[in-house]
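Hello,

I am passing a structure on to you, with some notes on what turned up in it. Have a look at it first, and then read on.

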Amino acid sequence: MTPLDSPKKIWQAMTAADRILSATILAVSIAWGVGAHGSEQGAVAVVLLGNEECARVPLDRDAFIPLQGRLGPIDLEVHGGAIAVVRSDCPNHVCTAMGWKRATGDVLACVPNGLFVRIEGGAAGAQAPDAVAR
Amino acid sequence: MKAAVHGAPGLSARSAARLGLLVSIAVTLQIAESLIPRPIPWLRLGLANAVTLLVLVRAGFRAALLVTAIRIVLSGLLLGTFGGPAFLLSLSGGMAAAVVMAFARFATPPLSLLGVSVAGSAAHVLGQLAALASLLRLGSSVAMLAPLLLATAVPLGLVTGAFVLAIHRRVPPW
């Protein structure tokens with residue numbers, strides 16, 4: 001009995017069904033990879049005002065979004081694939097200080113105005129999970 | 001002589017002891033593997049899964065499921081991941097692998113242990129990804145990693161299968 005200590009020997013030990021199964025799994029993963037890459041959607045900023053979704057803003061087009069918050073007007077701006085709160089009538093301006101957000105999973109919030117922005121979709125960025133399974 | 005183990009009807013003392021030994025081997029392998037640095041968090045050889053396959057072939061589906069479940073719970077407790085996301089992923093992956101391998105053994109045309117191992121390896125990846133997508137709601141990042149992980153399941157499954165085949169040939173029947 002030959003030891004299975006090289007790829008060639010493993011290949012020779014495989015039955016026809018083994019090879020078909022392996023080839024199928026590889027084919028599926030390649031098709032999946034190509035499909036996932038082709039249909040990849042750009043990141044979208046989901047805008048919530050007072051816990052209700054009021055807009056979904058694609059980040060691939062520059063835009064200016066004036067909104068009406070609890071305390072007063074609040075303006076969002078999309079520029080170069082990132083989104084920021086550029087004006088808000090709130091006491092501390094934490095929201096405008098949060099700066100530009102672009103990665104999936106990033107959030108912007110203006111608590112006094114009841115605004116919450118979450119970036120969804122797009123490529124897994126810095127917010128991808130790490131060290132999940134052992 | 002077949003002394004029944006208290007509380008586990010149908011399980012002789014001999015096979016209980018053997019399964020305990022196999023669980024400890026599986027836990028050791030799983031923890032040893034978790035200490036090896038990896039390029040991608042989910043990418044690993046899956047030697048602990050080799051124990052599942054060996055038990056499946058030698059002692060049947062129930063024993064394999066039992067050894068796998070105990071292995072994952074004990075490893076979770078020892079690594080401090082018990083109940084956390086890593087634990088849930090490990091559990092769903094391990095269980096999916098055990099179930100799929102149990103069916104794959106009886107596939108027609110027949111798969112060798114190498115093919116069964118590849119099926120288990122792929123099922124492990126898909127089980128983990130399913131848990132990742134549903135429990136942790138990480139749809140997009142899962143979609144990014146899935147094809148790569150599924151592709152690597154084939155060579156890794158073959159290596160694991162080669163181990164099991166070698167052990168199965170050399171270790172005399174129980």
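Let's begin with two helices that touch: Asn49(B), Leu53(B) and Val57(B) of α2(B) meet Leu113(B), Val116(B), Ser117(B), Gly120(B) and Ser121(B) of α5(B). Contact here means heavy atoms within 4.5 Å, and helices are DSSP runs (H or I, at least four residues), numbered from the N terminus.

This is a predicted model: local features need pLDDT of at least 70, side-chain atom pairs count only at pLDDT 80 or more, and totals for chains, interfaces and linings use all residues. Residues are numbered from 1 along each chain as its sequence is written, chains are lettered from A and ligands numbered from 1 in the order in which they are written, and side-chain values use heavy atoms, without hydrogens and water.

How do the two helices cross? The axes (lines fitted to C-alpha atoms over the stretch in contact, with angles from 0 to 180 degrees between N-to-C directions) of α2(B) and α5(B) come within 11 Å and cross at roughly 130°.

Leu53(B) also belongs to the largest nonpolar core, of 47 residues, where Leu53(B), Val55(B), Leu114(B), Leu129(B) and Leu158(B) touch the most other members. Such a core is a set of buried (under 20% relative accessible area, 1.4 Å probe, protein chains only) Ala, Val, Leu, Ile, Met, Phe, Trp, Tyr and Cys residues joined through side-chain atoms within 4.5 Å. Its largest share, 11 residues, comes from α6(B). Another core, of 20 residues, lies apart from it and includes Leu59(A) and Cys95(A).

Finally, chain A has a mean pLDDT (the predictor's confidence in each residue, from 0 to 100) of 83. Over residues 124–128 of chain A, the pLDDT is below 50.

Enjoy exploring!

Technical notes:
Buried means under 20% relative accessible area, exposed over 50%, partly exposed in between (1.4 Å probe, protein chains only).
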